[in-house]
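Subject: Structure handover

Hello,

I am passing this structure on to you. Please open it first, then read my notes below.

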Amino acid sequence: KVLLSGILSDTVLLKSPTTTEVDRETVAELAQLAGVDAMEFGMTMFAKAGSLVSREAREVLAADFKIYNELSVNVGIGQVETLTLEDLEEVREPLLRSLENLREEKNLDWVMLLVTNVITEESMLLSSSFPKGEGSLIYKRLGDHLFFLPGVLSRKKQLLPEVLRVLEEIA
């Protein structure tokens with residue numbers, strides 16, 4: 001079940017554009033060996049991860065965080081998967097403060113958190129203050145440092161290319 005959990009988490013229930021045919025085949029085999037329905041197991045796994053409101057902002061941000069250095073700009077991007085985006089507004093301010101704190105601590109230029117709803121296959125993006133970059137993102141701005149990203153599940157294959165485009169544009 002541990003291997004099954006890892007693959008389902010990494011591929012966002014096999015929905016991420018990073019999902020390979022090997023991932024699908026391996027999930028089917030592991031689910032059969034474990035005697036579980038892979039999707040039910042995966043949904044239970046994401047539900048047990050807890051809502052955004054049940055965790056500290058810093059914990060949410062640090063759980064899956066990567067740093068990129070592109071065009072002399074240091075960018076940090078975290079990602080968290082959830083079953084609902086409904087409680088995001090309740091934790092938005094603490095998350096934004098945590099983004100700014102992490103930006104300063106790690107000497108980064110821009111820090112973001114991709115909050116992904118695994119059910120609706122959409123994400124919200126929280127951003128630290130980086131006016132040049134934020135103003136160039138193609139995503140719909142919903143408020144200060146908050147963007148809506150329909151269909152975006154992958155930090156690496158979907159969000160990062162847009163961030164790189166923005167950095168090239170402002171360079």
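Here is what I found, element by element.

This is a predicted model: local features need pLDDT of at least 70, side-chain atom pairs count only at pLDDT 80 or more, and totals for chains, interfaces and linings use all residues. Residues are numbered from 1 along each chain as its sequence is written, and side-chain values use heavy atoms, with hydrogens and water left out.

Helices (H or I, at least four residues) and strands (E, at least two) are DSSP runs, numbered from the N terminus. Start with H1, residues 2-10.

Next is H2, residues 21-34. It has 14 residues and spans 20 Å from first C-alpha to last. That is close to the expected 20 Å at 1.5 Å a residue, where the expected span is 1.5 Å times one less than the number of residues. Asp 23, Val 27, Leu 30 and Ala 31 are buried in H2. Seen down the axis, the buried residues of H2 fall within an arc of 100°, so they line one face of the helix. The arc is taken from the directions from the helix axis to the C-beta atoms. The face turned away from the buried side carries Val 22, Glu 29, Gln 32 and Leu 33. These four are exposed (over 50% relative accessible area). Gly 35 follows H2, with a positive phi near 70°.

**The sheet**

There is an open sheet of 6 strands, in the order S1-S2-S3-S4-S6-S5. Its pairing is mixed; two strands pair if DSSP finds at least two bridges between them. S1 (65-70) and S5 are the edge strands, each pairing on one side only. Neighbouring strands are turned by 25° against each other on average, direction ignored. S1 and S2 (residues 73-82) pair antiparallel over 6 bridges. Asn 74 in S2 is the bridge partner of Asn 69.

**Ser 136**

Where does Ser 136 sit? It is in the loop between helix H6 (131-134) and strand S5 (140-143). Ser 136 counts as buried because its relative accessibility is 16%. A polar atom of its side chain lies 3.3 Å from the backbone oxygen of Lys 132. Leaving out residues up to four places away in sequence, Ser 136 touches Glu 162, Arg 165, Val 166, Glu 169 and Ile 170. Contact here means heavy atoms within 4.5 Å.

Best regards

Methods
Buried means under 20% relative accessible area, exposed over 50%, partly exposed in between (1.4 Å probe, protein chains only). A polar contact is a pair of N or O atoms within 3.5 Å; within protein, one must be able to donate a hydrogen and the other to accept it, and residues adjacent in sequence count only if both atoms are side-chain atoms. Axes are lines fitted to C-alpha atoms, for helices over the stretch in contact, and angles run from 0 to 180 degrees between N-to-C directions.
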